[in-house]
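Hi everyone, thanks for making time this morning. I'd like to walk you through a structure that may be new to you, so please have a look at it with me.

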Amino acid sequence: MNSPEELFHLGKKYHRGLDVDVDHSLGQKYLLEAAALNYSSAMVELGDGCWDGVIEVDMAMASYWYERAAALGDARGFLSIANMHMFGIGRKLDYTEALKWFLKATEHGSAEGYVNIGNIFRLRQIKELWGMSKDTTKELANQIFKYAFPKLKEEAESGNEWSQIEYGVCLLEGYWVEKNSSLAIEFFKRASDQKNSMAMNYLATCYHYGEGVEPDMNEALRWYKLSAEMGHSSSQASLAMVYRDGEGFTNDQSEIITLLEKSIERQDHRGYFNLGDCYFQGFIVGRDYEKALKLYTEAMIRGDRYAPGRIADCYYYGFGVSVDFQKARSLYFISANLGSSYNQFQLAKMILESKGSSNGETDSDEEAFKWFTRAANAGENRALYELGNLYFRGAGVKKNYRKALEFYLKASSLVLLPESVSFRIGVCYFFGLGTKQNVDKAAQWFLDLHDNNISMYLLGICYYYGFLLSDTREIDFTRAVHYFSTISSDNILAKSKLALCYYRGHGVIQRFDFAFKFYKEVADQGKASGYVGLAITMLEGKGIEKDVKGAIENLEIASNMGSGSASIILADFRLNFILKVNELNSKQLNLGDFGSNYDQESLFISELFKKAADFYM
């Protein structure tokens, strides 16, 4: 008669196909016999079979077998129950409960239990840790791992498949030990030799993304398939995504959905999330935002770090649900704290725009600056542009044009961003903000911004005054007129310059009537330059009958609006009038609107010059 240990090894042998053909029925028979003799390792293997679906997907039975093993003091039983709580599979997602079970595992000599406790402290996954500083929890995690690592390494080197995986993960990620991806792969291979589907999944990931080895999709696919066939839910979800993204080939795209459904049957958060993406994007299945939202929610319940952000997008944009900025913001906050740069950016935007703030929650530019900074540091390049804007405006941070330009230039070189980035850079160079003024560089940034009115206006100015594009600085009125006329219907500054071009015949046939028409349109929109232009045409009688009184009225309006040029013209006109009076020696002449005596008129002229000086200073 076989001993319980012999029965266990026979069951595991047939269950996993170790040097024999896989025979799940025979494997299960031997495992059940060993379990009946209270052999705890057999109970854990049976639980794993119910989790992976090698026997039959049944999380309740998996939990039952793990509990029985734990009752016999089996550390693997405690660890498996803890993992159910960690991932919300078969049990409620609860990091505090997971911590309790990991602690029980350590009481039975599990180094893996210590490592997982260290990770909980490192990631601050339970509320009790939130009151501590990050440095404190990090130091506690370091102390825990320092104690556990030698034992974990010893277990891994002696052949414990689970310790080999945990040790490999530490080497792969550089957790508490120098990162060594190549050595990590060696330990994953050792565990894979024992037909451990989790180790196979890690190997597939390493070959997929080139961790410790050259990227090799053929090898990645081989390991994904082996792991998926053994029921590993993460490999099933990953294999589906490889097929979806065209990195692997399948003749039947419905296989993608089948793989995701198998992953979901095992309650894997990645399966829920990726199938949610299929419905969200309308890939293979029809687009269905409501189904997508439900699947994302199931993924989030099971701890998927990306799901909160997807659900937030649904509430923010109204995909499958009514727009709710408050819910969107709270979910972006969750995902942002999990390290998602995209959601850090989204959260910062909502704070900046005061969207979705709840009662008692205050929005500030300083808070937005903090989250944009975190997003930029995590690789979200759009945040670089927003940081530039905050420095440019002095919002949430001290105004600093130099820093603003630095961020704008980083944003322009890293990603394809809105044309406003090029415009902002052009403005900095055009006006010398944060850098030495360089109109040539400004123009180069403006040249491709044909949908940006202000940049086209400034380009027109460059061509009008010969600021750019040649060593000789030749003026090009024709191009200036092109830019001014293109945007004149929407840009009042351009219309004013276009009026000047018609008045002087620059780049167009001289037309005083057109000049007057455009100046009047500018004046009707309340712009001082329009009133000044009207005054000049009236004084000279070009485009309209000469009207000195009307010209003076327009100059006074422009001067009162703060126009320095209007004040100078008006002062000069009054001064010339007095000089003319003196020249004619006509002291009895009625001065009318210009005042009844020289002293008053001189004082008024002085005030006009002061107003002009204030404008130009």
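Let's start inside, with the largest nonpolar core, which has 138 residues. This is a predicted model, so keep that in mind throughout. Within that core, the residues with the most contacts are Phe 188, Leu 260, Leu 275, Phe 372, Phe 430, Phe 446 and Phe 484. Which helix gives the most to this core? That is helix α25, residues 453-465, with eight residues.

Take Phe 484 from that list as an example. Leaving aside residues up to four places away in sequence, Phe 484 touches Tyr 457, Gly 460, Ile 461, Tyr 464, Ala 494, Lys 497, Leu 498 and Cys 501. Apart from this core lies another one, of 38 residues, and Met 43, Leu 46, Phe 78 and Leu 79 are among them. As a general background point, nonpolar side chains in soluble globular proteins tend to be buried together.

Now let's step back to the whole chain. How many helices and strands does the chain have? There are 32 helices and zero strands. The chain has 617 residues, and 48% of them count as buried. Its accessible surface comes to about 30,300 Å², with 50% of that belonging to carbon and sulfur atoms. If you look at contacts with a separation of 6 or more, 46% of them are between residues 24 or more positions apart.

On to charges. Searching the whole structure turns up 28 salt bridges. One of them joins the side chains of Glu 161 and Arg 16, at 2.8 Å from N to O. This pair links distant parts of the chain, since Glu 161 sits in helix α9 (residues 161-173) and Arg 16 in helix α1 (residues 4-16), 145 residues apart. Are these two buried or exposed? Both Glu 161 and Arg 16 are buried.

Compare that with a salt bridge between Lys 542 and Glu 540, where the closest N and O atoms are 3.5 Å apart. Lys 542 counts as partly exposed because its relative accessibility is 31%, and Glu 540 is partly exposed too, with a relative accessible area of 43%.

Gln 344 is in helix α19, residues 341-352. Why does Gln 344 count as buried? Because its relative accessible area is 3%, and the cut-off for buried is under 20%. A polar atom of the Gln 344 side chain lies 3.1 Å from the backbone oxygen of Ala 336. Beyond residues up to four places away in sequence, Gln 344 touches Ala 336, Gly 339, Trp 371, Arg 374, Ala 375 and Ala 378.

And finally Arg 190, in helix α10, residues 181-192. Arg 190 is partly exposed, with a relative accessible area of 39%. Not counting residues up to four places away in sequence, Arg 190 touches Ala 156, Glu 157 and Gln 164. Arg 190 and Gly 159 are 31 residues apart in sequence, yet their C-alpha atoms are 7.8 Å apart in space.

Methods:
Residues are numbered from 1 along each chain as its sequence is written. This is a predicted model: local features need pLDDT of at least 70, side-chain atom pairs count only at pLDDT 80 or more; totals for chains, interfaces and linings use all residues. Side-chain values use heavy atoms; hydrogens and water are left out. Helices (H or I, at least four residues) and strands (E, at least two) are DSSP runs, numbered from the N terminus. Buried means under 20% relative accessible area, exposed over 50%, partly exposed in between (1.4 Å probe, protein chains only). Contact means heavy atoms within 4.5 Å. Accessible areas come from the Shrake-Rupley method with a 1.4 Å probe; for residues, only the protein chains shown count as cover. A salt bridge is a side-chain nitrogen of Lys or Arg within 4 Å of a carboxyl oxygen of Asp or Glu. A polar contact is a pair of N or O atoms within 3.5 Å; within protein, one must be able to donate a hydrogen and the other to accept it, and residues adjacent in sequence count only if both atoms are side-chain atoms. A nonpolar core is a set of buried Ala, Val, Leu, Ile, Met, Phe, Trp, Tyr and Cys residues joined through side-chain atoms within 4.5 Å.
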